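Visitor: Please take me through one part of this chain closely. I would like to start with the overall layout and then zoom in.

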Amino acid sequence: MDQMLQKLEAREGRRRPGDRELHERAVELAERYLDGNRLPDSVRWVDNQNSRWGSCTPDTRTIRISRRVAGMPAWVVDYVLVHELAHLQIPHHGRDFWDLVRRYPKADRARGYLEGFSAGSRSECDHSEGEEELEADEVALEE
Ligand SMILES: [Zn+2]
C-alpha cells in the first residue's frame, strides 16, 4: 500500500513543472509576445512569497514565481510570467508597461482571475529592485 502511494507521489511530482520547465516557458512567452527582448537569466518557483504572485529583479534578470500560482490554470501562469518578463523591459506599472503586457491576449482575464483569488488584499507583484525597501511605495501605487 505504501509503495503504491509512493509511486503515485513520484508520478505527481513529475507532472508538476520544475524550475527548468518554468524558465523554458518564460523564454517561449518572451519570444512570442515581447519580441524576445531581454530574456530572463533565471526563472524559478519560490515558496516564501505569500503576498505576491511574482517578482522580478531587472538588474540581474531574475524572476521568481510564487508556488501558489503553480496550481492555477496554465493561461494564468503564463500571464504571471508575461507580467514579470515585461518588467525586465519596463520596471514600473505605467501605461507603456500595460501596453506590453496586453500583447498577451488573456492578460485582462487572468488579472480578473487573480483578483478574485486575492480578494483585494494582495498586490499582484513585487518588481522592486531593493525588494522590501520599495514595497510600501508599490502598494500605494497599486491602490
Ligand atoms: Zn508588476
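Guide: From the N terminus on, the elements run α-α-β-β-β-α-α-α-β-α. That comes to six helices and four strands. Helices here are DSSP runs of H or I with at least four residues, strands are runs of E with at least two, and both are numbered from the N terminus. This is a predicted model, in which local features need pLDDT of at least 70, side-chain atom pairs count only at pLDDT 80 or more, and totals for chains, interfaces and linings use all residues. Residues are numbered from 1 along each chain as its sequence is written, and side-chain values use heavy atoms, with hydrogens and water left out.

Now zoom in on strand β2, residues 54-57. In a regular strand the side chains alternate between the two faces of the sheet. Here Gly-54 and Cys-56 point one way, and Ser-55 and Thr-57 point the other way. All are buried. Buried means under 20% relative accessible area, exposed means over 50%, and partly exposed lies in between (1.4 Å probe, protein chains only). Of the chain's 143 residues, 40% count as buried.

Next comes the partner of β2. Strand β3, residues 62-66, runs antiparallel to β2, and four bridges join them. Two strands pair if DSSP finds at least two bridges between them. Gly-54 has Ile-65 as its bridge partner in β3. The hairpin has four residues between the strands, and Arg-61 takes a positive phi near 50° there.

Follow the chain past β3. Arg-67 lies in the loop between β3 and α3. Arg-67 counts as partly exposed because its relative accessibility is 40%. Arg-67 and Gly-54 are 13 residues apart in sequence, and their C-alpha atoms are 9.3 Å apart in space. Arg-67 touches Trp-45, Val-46 and Asp-47, not counting residues up to four places away in sequence. Contact means heavy atoms within 4.5 Å.

In α3, 13 of the 16 residues are buried, so the helix is largely enclosed by the rest of the structure. Helix α2, residues 19-33, packs against α3 at an angle of about 70°, with the axes 10 Å apart. Axes are lines fitted to C-alpha atoms, for helices over the stretch in contact, and angles run from 0 to 180 degrees between N-to-C directions. The two helices are therefore roughly perpendicular, a label for angles of 65 to 115 degrees. Residues making this contact include Leu-22 and Arg-25 of α2, and Val-77 and Asp-78 of α3.

Terms used
Angles under 35 degrees count as roughly parallel, over 145 as roughly antiparallel, 65 to 115 as roughly perpendicular and the rest as oblique.
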